[in-house]
Amino acid sequence: RGRGDGRGGKRFNEGRGRGTKRAKEGPVLPPNASPIQQMFFGYATTLTARQDQRERLVKCSRDLTVASKRVIFALQRYNVENADEVLTQAEEQFISILQTVYKIACELKSTDKALHHRAYSPGMQEFLEAVTFYWFLKHLSLPTIDELNEWIRTGWQKSGFNTDGVSFSIDRDDYVLGVGDLTGEMMRVCISNSQHKEFPYTVCAQMHDIRSIADIARTHQCPRLSQEDGGDVVVSEESGEDVLRERGSSHGIPKQR
């Protein structure tokens, strides 16, 4: 018989199932527990609640990542003719995304944000990439952290969320890493709109600024911005410049720098 077949294997698997079920239900304080047992029961209860909260935040982060990627894919259709349509579609998608951000804020309302930051940070970075991409296409500039915090609060109020006692502020490192990822999307939209008169130059000028910010942040303020991330910013910037050089040589358009 193979391992797991027969009576012994069956009892082993059933035992694992019962143990898993008890683990999910949480620790149980035995009758007539001693003070030491009660103390460790309190520790176990706290750790179980903390782990459950972390799992909820991880799920929110995954939902945020998926929804934000959909917004980014939609914004890549941007051009002069369909600009209003694309931006309106993104705004509609942000309504449900802000609901997920609201869930994260509610989870963090009564706990230390630094304790669970790694659980929701990947989703927030993707969200910030999508928001800054949308913001750039609409305003041709990048938002500050304060502007994004206000934009989130305004979106919650428009959706009728109860914001009493719920505060949320974007982490500086998440913002820098999200903007660092944005350069790849800016490079793509620059290439797809290379025939536009002014837009490619605006994109490249903005990428120059992002590269300068990334160099400063990586050196002094944001150690999480690795050398590889900074290299991605450089590659995106140089690709945009290649588009302008090719455009100038093909159409006789002088380089506007």
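**Entry 1**

I started with Leu-140, which sits in the loop between α4 and α5 (145-158). The helix names come from DSSP runs numbered from the N terminus (H or I, at least four residues, for helices; E, at least two, for strands). For my own reference, buried is under 20% relative accessible area, exposed is over 50%, and partly exposed is in between (1.4 Å probe, protein chains only).

**Entry 2: ground rules**

I noted that this is a predicted model, where local features need pLDDT of at least 70, side-chain atom pairs count only at pLDDT 80 or more, and totals for chains, interfaces and linings use all residues. Residues are numbered from 1 along each chain as its sequence is written, and side-chain values use heavy atoms, with hydrogens and water left out.

**Entry 3: the whole chain**

I looked up the make-up of the protein chain and got eight helices and zero strands. Read from the N terminus on, the elements run α-α-α-α-α-α-α-α. Of the 257 residues in the protein chain, 40% are buried. I also checked contacts (heavy atoms within 4.5 Å). Among those with a separation of 6 or more, residues 24 or more positions apart account for 72% in the protein chain.

**Entry 4: α4 against α6**

How do α4 and α6 pack? Helix α4 (residues 113-139) meets helix α6 (residues 172-192) at an angle of about 45 degrees, and their axes are 8 Å apart. That angle is why α4 is called oblique to α6. I wrote the angle classes down: under 35 degrees is roughly parallel, over 145 roughly antiparallel, 65 to 115 roughly perpendicular, and the rest oblique. Axes here are lines fitted to C-alpha atoms, for helices over the stretch in contact, and the angles run from 0 to 180 degrees between N-to-C directions.

The α4 and α6 crossing is right-handed. On the α4 side the contact includes His-117, Met-124, Leu-128 and Phe-133, and on the α6 side it includes Tyr-175, Leu-182, Glu-185 and Val-189. The residues of the α4 and α6 contact split into eleven nonpolar, five polar and four charged. In this sorting Ala, Val, Leu, Ile, Met, Phe, Trp, Tyr, Cys and Pro are nonpolar, Asp, Glu, Lys and Arg are charged, and the others, Gly among them, are polar.

**Entry 5: zooming in on Phe-133**

I then picked Phe-133, which lies in α4. Phe-133 has 0% relative accessibility, so it counts as buried. Setting aside neighbours within four places in sequence, I found Phe-133 in contact with Ile-72, Leu-75, Gln-76, Leu-182, Glu-185 and Val-189. Phe-133 and Thr-183 are 50 residues apart in sequence, yet 9.0 Å apart in space, C-alpha to C-alpha.

**Entry 6: α2 against α4**

Next I checked α2 and α4, whose axes come within 8 Å and cross at roughly 20 degrees. The two helices, α2 and α4, are therefore roughly parallel to each other. This crossing of α2 past α4 is left-handed. The contact of α2 with α4 has 16 nonpolar, six polar and five charged residues.

I looked at Glu-126 in α4. With 12% relative accessibility, Glu-126 counts as buried. Which side chain does Glu-126 join in a polar contact? The partner is Lys-69, at 3.4 Å. A polar contact is a pair of N or O atoms within 3.5 Å; within protein, one must be able to donate a hydrogen and the other to accept it, and residues adjacent in sequence count only if both atoms are side-chain atoms. Not counting residues up to four places away, Glu-126 touches Thr-65, Ser-68, Lys-69 and Ile-72.

**Entry 7: another glutamate**

Last, I checked Glu-107 in helix α3 (residues 83-107). Glu-107 is buried, with a relative accessible area of 18%. Its side chain makes a polar contact with the side chain of Arg-56 (2.7 Å).

Definitions and conventions. A crossing is left-handed if the near helix is turned anticlockwise from the far one by less than a right angle, and right-handed if clockwise.
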